[in-house]
Amino acid sequence: MIYLELFLTFLQIGTISFGGGYGMISLIREECLARGWLTEEALMNFIAVAESTPGPIAVNMATFVGSSQAGFFGSLIATLGVILPSFIIILLIAALFKNLMKLKGIQGALYGIKPVVIGLILSTAVTLFLSNLLGLTTVTDSLSVNGSGLVIFACMPLLSVCYQKMIKKPISPIILILFSAALGIAFYGFT
């Protein structure tokens, strides 16, 4: 049954993922592609929408995937699956926090998890860069440079630096999102 499969898949992702939503993207990608729930292109579109909508990206991704597979109830089941482990863990930590953080083993485990989280986030960034801007999804793919995407990608740090120099404060991420959306419409239209 699709509801059970959605719930168990996202429960597993929520249980074994560390580092928040960006750390989960690579696991969500692997599970969705392996199960045939989404194509690579559809997944990239879901990631873009999930990043630009309010809320945690992993919850948004689970909601979108669940909705694409089983409608409204699929989105509820997938979302519940991805947030349930974090909810339970936070409840336990809140109850035991003071005592747990004193233990050297807990401190060591958290210290050891940090590089893994950084690696997962970097892996997601590299995967998105290679597939969206260079057209590489597998090792055997030929290079297919997305010139418009590269221009938009290059404009973001340029805009950020110029804004910082002119206004003397960091640019709001909302402005970057709106500017990149405007560039996307200019380059790709509304298709």
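These are my notebook entries on what I looked up in this predicted model.

**Ground rules.** I number residues from 1 along each chain as its sequence is written, and my side-chain values use heavy atoms, with hydrogens and water left out. Since the model is predicted, local features need pLDDT of at least 70 and side-chain atom pairs count only at pLDDT 80 or more, while totals for chains, interfaces and linings use all residues.

**Overall layout.** I started with the secondary structure and found seven helices and zero strands. Helices here are DSSP runs of H or I with at least four residues, strands are runs of E with at least two, and both are numbered from the N terminus. Along the sequence that reads α-α-α-α-α-α-α. The C-alpha trace spans about 50 × 45 × 35 Å along its principal axes.

**Contacts and cover.** Next I checked contacts (heavy atoms within 4.5 Å). Among those with a separation of 6 or more, 53% join residues 24 or more positions apart. The chain has 191 residues, and 26% of them count as buried. Buried means under 20% relative accessible area, exposed means over 50%, and partly exposed lies in between (1.4 Å probe, protein chains only). The chain exposes about 11,900 Å², with carbon and sulfur atoms supplying 73% of that; the areas come from the Shrake-Rupley method with a 1.4 Å probe, and for residues only the protein chains shown count as cover.

**Ser26.** I looked up Ser26 and found it in helix 2 (residues 21-35). Is Ser26 buried or exposed? Ser26 counts as buried, because its relative accessibility is 17%. Leaving out residues up to four places away in sequence, Ser26 touches Leu120 and Thr124.

**Helices 6 and 7.** I then turned to helix 6 (residues 147-167) and helix 7 (residues 173-188), which pack at about 150 degrees with axes 10 Å apart. Axes are lines fitted to C-alpha atoms, for helices over the stretch in contact, and angles run from 0 to 180 degrees between N-to-C directions. On the helix 6 side, the residues making the contact include Val151, Cys155 and Tyr163; those from helix 7 include Ile175, Phe179 and Tyr188.

**Nonpolar patch.** Last, I noted a nonpolar surface patch of about 520 Å², made by Ile89, Ile90, Ile93, Phe97, Met101 and Leu110. Patch residues have over 30% relative accessible area and no salt bridge, with like charges joined within 9 Å and nonpolar side chains (Val, Leu, Ile, Met, Phe, Trp, Tyr) within 5 Å. A salt bridge is a side-chain nitrogen of Lys or Arg within 4 Å of a carboxyl oxygen of Asp or Glu. Helix 4 (residues 57-100) gives the largest share, four residues. Ile89 sits in helix 4 and is partly exposed, at 41% relative accessible area.
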